[in-house]
Amino acid sequence: MTENPTPLVPDDAELARLEALAVDVAAEAARFVVDRRAVELEVTTKSSDVDIVTVMDSRSQELIARRLREARPQDAFFGEEDAAAPEAPSDSGPGEGRLTWVVDPIDGTVNYLYGYPQYAVSVALVEGDPTVPGRWRPIVGAVADAVAGVVHHARLGGGAHTRRADGTETGLAVSEATDLATSLVATGFGYDAAKRRRQALALAEIVSHIRDIRRGGSAALDLCHVAAGRVDGYYEMGINPWDMAAGWLVVTEAGGTLTGAQGEPPSTDCVIAAGPGVYAELAALVDGVVDIVREGTPRA
Ligand code: LIP
């Protein structure tokens, strides 16, 4: 008789331990990037002159990978600075599922370069393959707001909370807004100038239907602002699995909904997040303009 495969999603007690690990690692890396900012800001560019990476992105990812491998050698690791497919788990058997740590060592890299106080470290543990839209989901997430010194975190079924700098915890809940016309919505723009122009054209169709826009520069923090009710919704076309993985779970465990556009799963194509009172209105509005941005963009 074949044995039942080991359940991929651990029980709540183990998930709580993994959530605590994610919080501690994200908080340590956030302290590290803040403390070292003044001395190690060597910058290089990636996809464009404005798509930058600092040596601290790499140093932060090295620190996070080391801590996670020490604690969880059986898991795969997928970080922004790898820009490659997730590493295979060290001891995965053929056909076994995998848990993968999906990490953005500094989300809001341009803000970090400028000292604009909106950058974070995002650490998530996901089930499935984070490179295939619709084939993965976060089960633990932690977003360390590096400047505020707090960590927004969640585990599947465990709610969403913020660990304050003094160690106390407070629960998170999305806003109760029910009217999009008076809702505050966060968004962002990509590093490619032509795509940024299309994103601005899409925004031009949206902005008269909402209260106002906020552009913070960190998707991970934007999603946590949705979870905390500091904005009523968020959408963006062009963010990556490492930008969204932890914030996704913080939003849904805070009572929000997070999807892609036109009923698709969240992906680099589009992410939409909001509380239950305005999600449908916001999604319908974004669905109507997403093709403006997609034009000329190879679909993932
Ligand atoms: C950033 C995202 C943000 C987006 C920026 C950038 P990075 O990630 O978090 O939402 O608007 O263009 O992609 O590059 O700082 O890790």
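Modeller: This is a predicted model, in which local features need pLDDT of at least 70, side-chain atom pairs count only at pLDDT 80 or more, and totals for chains, interfaces and linings use all residues. Residues are numbered from 1 along each chain as its sequence is written, and side-chain values use heavy atoms, with hydrogens and water left out.

Biologist: Which residues in α6 do Ala219, Ala220, Leu223, Cys224, Val226 and Ala227 in α5 meet?

Modeller: Contact means heavy atoms within 4.5 Å. Helices are DSSP runs of H or I with at least four residues, numbered from the N terminus. By these criteria, the α5 residues meet Asp243, Met244, Gly247, Trp248, Val250 and Val251.

Biologist: How are the axes of α5 (residues 219–228) and α6 (residues 241–253) oriented?

Modeller: Axes are lines fitted to C-alpha atoms over the stretch in contact, with angles from 0 to 180 degrees between N-to-C directions. The two axes come within 8 Å and cross at roughly 5°. Angles under 35 degrees count as roughly parallel, so α5 and α6 are roughly parallel.

Biologist: How much of the ligand does the protein bury?

Modeller: A backbone N or O atom of Phe189 lies 2.6 Å from a ligand oxygen atom, and a polar side-chain atom of Asp243 lies 3.4 Å from a ligand oxygen atom. Taken alone, the ligand exposes 380 Å² (Shrake-Rupley method, 1.4 Å probe). Of that area, the protein buries 93%.

Methods: Helix = DSSP H or I, 4+ residues; strand = E, 2+ residues; numbered from the N terminus. Parallel < 35°, antiparallel > 145°, perpendicular 65-115°, else oblique. Polar contact = N/O pair within 3.5 Å; in protein donor to acceptor, adjacent residues only side chain to side chain.
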